[in-house]
Amino acid sequence: MAHDRFAGWDAVRDLATKPFHAACYAPFVSLEFDTQGFAYSCCANGTYPVGSVATDTLAEIWGSARLAAQREALKAGDLSYGCAVCRWYFDNDRPNPPAVMYEPFEVAAEGPACPRSMTFAFSNQCNLQCVQCSGEFSSSIRIHREGRAPLPHAYGPTFFEQLAEFLPHVEEIRLLGGEPFLVSETHQLFDLLGELDLRPCARDHNGNPA
C-alpha cells in the first residue's frame, strides 16, 4: 500500500502497468557504474553501493543482498537506503524526482533476471577543466589542478565478458564521464554492441525516448 508521502507522486504515475507498488523502481530495472567500479541502482544515489566490479561479478551485483534490501525498502516506502534526494522531492511535493527516469521500464518481477537500463561512467578522462567540475569527473582537473594521481582503470576484459550476457536484455544505455568519447572502454562497449547486433535506445533526462 502506498505511503501518504507518495500521494502526489503516485497521482502522476501509471501504476496500473506495475505488478506491485514501490516508491521507485530503479533497483528493479537499473544498474549504474562509477569511475571506480562501484555499482548503484540510481543516478541520484551515490551513498549506497550495491557491489563493486573489483570483488563481484555482474550477476553477483544484480543478485546481491544489498540490492535486494533496497528493493524491499522501496516497496515499503523506506527511503533510508541512499534515497535522500528523492525523499526531499516527495516530502516537499516537488515534480520530476530522479525516480521518474525509471518509470517507463517494464517491471516483470520483484527479483528480475536482468536490468533494463545500464549507465556507465567508465573513466573520468576529460580534456576540459570546467570551473564547476572536480577531479572526480575530469582527469585534467585531477592531475593539473588538484595534483592527484590518475584514477586506475576499473573495467577490464572480464567485465566486458560478463556484460555480453546482460546487454541483450538492456533497453537503454547511458554514458557518463569524464568525456565518454575519449574513454577507451566506451569504444569497447560500442564494439561489443556491434558484435551482438544490439541497438539500445536513447532517452532524455526525464526518461522519455529521445
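1. Begin with the contacts. Among contacts in the protein with a separation of 6 or more, 61% are between residues 24 or more positions apart. Keep in mind that this is a predicted model.

2. Next, the overall make-up. The protein has eight helices and five strands. Its radius of gyration is 18 Å, close to the 17 Å that the globule rule gives for 210 residues, so the protein is as compact as a globular protein of that length. The C-alpha trace spans about 50 × 40 × 35 Å along its principal axes. Of the 210 residues, 45% count as buried.

3. Now look at strand E4, residues 117-120. Four bridges join strand E1 (residues 30-33) to E4, and the two run parallel. Four bridges also join E4 to strand E5 (residues 172-175), again in parallel. Follow Ser-117: it is the bridge partner of Ser-30, and its own partner in E5 is Glu-172.

4. Which way do the residues of E4 point? Ser-117 and Thr-119 point one way, Met-118 and Phe-120 the other. In a regular strand the side chains alternate between the two faces of the sheet. All four of these E4 residues are buried.

5. Is Ser-140 buried or exposed? Its relative accessibility is 12%, so Ser-140 counts as buried, the cut-off being under 20%. Ser-140 lies in helix H6, residues 139-145. Leaving out residues up to four places away in sequence, Ser-140 touches Cys-126, Asn-127, Leu-128, Gln-129 and Arg-145. Arg-199 is 59 residues from Ser-140 along the chain, and their C-alpha atoms are separated by 32 Å.

Key: Residues are numbered from 1 along each chain as its sequence is written. This is a predicted model: local features need pLDDT of at least 70, side-chain atom pairs count only at pLDDT 80 or more; totals for chains, interfaces and linings use all residues. Side-chain values use heavy atoms; hydrogens and water are left out. Buried means under 20% relative accessible area, exposed over 50%, partly exposed in between (1.4 Å probe, protein chains only). Contact means heavy atoms within 4.5 Å. Two strands pair if DSSP finds at least two bridges between them. The radius of gyration is taken over C-alpha atoms; the globule rule is 2.2 Å times the number of residues to the power 0.38.
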